[in-house]
Amino acid sequence: MIPPSVVDVTAMPQEQLNHAMCSIDDLYAALSTSNEGLTVADCIHRLQEDGLNELYKPPRPTLAQLFLAQMGTLMIIVLMFAAVADLLVTITGKHRNDGLHYCTFVAIVLIIEVNAGIAA
């Protein structure tokens, strides 16, 4: 390890500065500050130059995006296959003209929609 006194931090770009290897005086010089902190003028200048000290906040997903994201979950996919299978069995069966036999398909589809709507 290089002793802190050997490292010339004033010649280093700030992005490459390893703060752990510097002496406190070199660190103050590299960051343009002192033991007393920043002056009001320095604070205003840094605020104008760098902006607020806050993390980037990604935009919140819309309700449609949340709804569609729910449609990709494993349980919803299983329910969709169950609904399609039930529909195929009903269509190919002898009760295809009886509307009451489509209730299971309709119930599964409603459960999928309500679940995705609540989760969104």
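Leu74, Met75 and Val78 make up a nonpolar surface patch with about 340 Å² of accessible area together. Patches here consist of residues with over 30% relative accessible area and no salt bridge, with like charges joined within 9 Å and nonpolar side chains (Val, Leu, Ile, Met, Phe, Trp, Tyr) within 5 Å. A salt bridge is a side-chain nitrogen of Lys or Arg within 4 Å of a carboxyl oxygen of Asp or Glu, and accessible areas come from the Shrake-Rupley method with a 1.4 Å probe, where for residues only the protein chains shown count as cover. The model is predicted, so local features need pLDDT of at least 70 and side-chain atom pairs count only at pLDDT 80 or more, while totals for chains, interfaces and linings use all residues. Residues are numbered from 1 along each chain as its sequence is written, and side-chain values use heavy atoms, leaving out hydrogens and water.

**Overall make-up**

- The protein has five helices and zero strands, where helices (H or I, at least four residues) and strands (E, at least two) are DSSP runs numbered from the N terminus.
- Along the sequence the pattern reads α-α-α-α-α.
- Of the 120 residues, 12% count as buried; buried means under 20% relative accessible area, exposed over 50%, and partly exposed in between (1.4 Å probe, protein chains only).
- Among contacts with a separation of 6 or more, 36% join residues 24 or more positions apart, a contact being heavy atoms within 4.5 Å.

**Helix H4**

- The 19 residues of H4 reach 27 Å from first C-alpha to last, close to the 27 Å expected at 1.5 Å a residue; the expected span is 1.5 Å times one less than the number of residues.
- Ile76, Ala83, Asp86 and Thr90 are the buried residues in H4.
- These residues cover an arc of only 85° around the axis, which puts them on the same side of H4; the arc is that of the directions from the helix axis to the C-beta atoms.
- An α-helix has 3.6 residues a turn, so residues three or four places apart point the same way.
- The other side of H4 carries the exposed residues Leu74, Phe81, Leu88, Val89 and Thr92.
- The packing partners of the buried H4 residues are H3 and H5.
- Thr90 counts as buried because its relative accessibility is 10%.
- Not counting residues up to four places away in sequence, Thr90 touches His95, Arg96, His101 and Tyr102.

**Helix H5**

- Helix H5 (residues 103–119) has 17 residues, which should span 24 Å at 1.5 Å a residue, and its end C-alpha atoms are 24 Å apart, in agreement.
- Ile108, Ile112 and Ala116 are buried in H5.
- Down the axis of H5, the buried residues fall within an arc of 65°, so they line one face of the helix.
- Leu110 and Ile118 are exposed on the face of H5 turned away from its buried side.
- The buried residues of H5 pack against helix H3 (63–70) and H4.

**Phe67 in helix H3**

- Phe67 is found in helix H3 and is partly exposed, with a relative accessible area of 25%.
- Leaving aside neighbours within four places in sequence, Phe67 is in contact with Glu113, Ala116, Gly117 and Ala120.
- Phe67 and Ala116 are 49 residues apart in sequence, with a C-alpha to C-alpha distance of 5.5 Å.

**Arg46 in helix H2**

- Arg46 is placed in helix H2 (residues 40–50).
- Its relative accessible area is 30%, so Arg46 is partly exposed.
- Apart from neighbours within four places in sequence, Arg46 is in contact with Leu31, Ser32, Thr33, Leu38 and Gly51.
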